Amino acid sequence: MATEITYEELATLIKTRAGVAVTVDELADPGCMFLDLGVDSLGVLGVLADLENRYGVSIDSSDLLGRPVAEFLQTVNSTVKAGA
């Protein structure tokens, strides 16, 4: 299993869990926020729950909500790599 979530994987998760179609280019924009894409906090929590189940890690959502997508993904990938 991969230890790094890509923008492509995140786009698929957002479509599946939040019902919002986004592009990799939108996600990779450094200032892009989930709300800018139409993904509310429940959608972000759904994505996090999926990632936690998939990678067997616990991710503190309170620290991630309201952050740009790039920071979100960086934090998630660090957590997955650490196996926390």
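# Exercises on a predicted model

A search of the whole structure, which is a predicted model, turns up one aromatic pair. Let's start there.

## Exercise 1: The aromatic pair

Work out which type of pair the rings of Phe34 and Phe72 make, and where the two residues sit.

**Solution.** 
- Step 1: Check the distance. The ring centres of Phe34 and Phe72 are 4.9 Å apart, and rings pair if their centres lie within 6.5 Å.
- Step 2: Check the angle. The planes stand at 80 degrees, and over 60 counts as edge-to-face. So the pair of Phe34 and Phe72 is edge-to-face.
- Step 3: Find them on the chain. Phe34 is in the loop between helix 2 (24-28) and helix 3, while Phe72 is in helix 4, so this pair links distant parts of the chain, 38 residues apart.
- Step 4: Look at the surroundings. Phe34 and Phe72 are both buried.

## Exercise 2: Into the core

Describe the largest nonpolar core, then follow Ile5 to its contacts.

**Solution.** 
- Step 1: Size it up. The largest nonpolar core has 25 residues. Among those with the most contacts inside it are Ile5, Leu10, Phe72 and Val76.
- Step 2: See who contributes. Helix 1 (7-18), helix 3 and helix 4 supply at least two residues each to this core.
- Step 3: Zoom in on Ile5. Skip residues up to four places away in sequence, and Ile5 touches Leu10, Leu51, Tyr55, Leu73, Val76, Asn77 and Val80.
- Step 4: Turn to Asn77, which lies in helix 4. Its relative accessible area is 8%, and buried means under 20%, so Asn77 is buried.
- Step 5: Look back from Asn77. Leaving out neighbours within four places in sequence, Asn77 is in contact with Thr3, Glu4 and Ile5.

## Exercise 3: Three salt bridges

The structure holds three salt bridges. Find the partners, and say which residues end up in one network.

**Solution.** 
- Step 1: Take Glu4 and Lys81. Their closest N and O atoms are 3.1 Å apart. Glu4 lies in the segment before helix 1 and Lys81 in helix 4, so this bridge ties together parts that are 77 residues apart in sequence. Glu4 is partly exposed at 41%, whereas Lys81 counts as exposed at 53%.
- Step 2: Take Glu9 and Arg54. Their side chains meet in a salt bridge at 2.6 Å, N to O. Glu9 belongs to helix 1 and Arg54 to helix 3, 45 residues apart.
- Step 3: Take Arg54 and Asp50, with closest N and O atoms 3.1 Å apart. Being four residues apart in helix 3, they're separated by about one helical turn.
- Step 4: Shared partners join Glu9, Asp50 and Arg54 into one network.
- Step 5: Arg54 is partly exposed at 36%.

Notes:
Residues are numbered from 1 along each chain as its sequence is written. This is a predicted model: local features need pLDDT of at least 70, side-chain atom pairs count only at pLDDT 80 or more; totals for chains, interfaces and linings use all residues. Side-chain values use heavy atoms; hydrogens and water are left out. A nonpolar core is a set of buried Ala, Val, Leu, Ile, Met, Phe, Trp, Tyr and Cys residues joined through side-chain atoms within 4.5 Å. Buried means under 20% relative accessible area, exposed over 50%, partly exposed in between (1.4 Å probe, protein chains only). Contact means heavy atoms within 4.5 Å. Rings of Phe, Tyr and Trp (its six-membered ring) pair if their centres lie within 6.5 Å; planes under 30 degrees apart count as stacked, over 60 as edge-to-face and the rest as tilted. A salt bridge is a side-chain nitrogen of Lys or Arg within 4 Å of a carboxyl oxygen of Asp or Glu.
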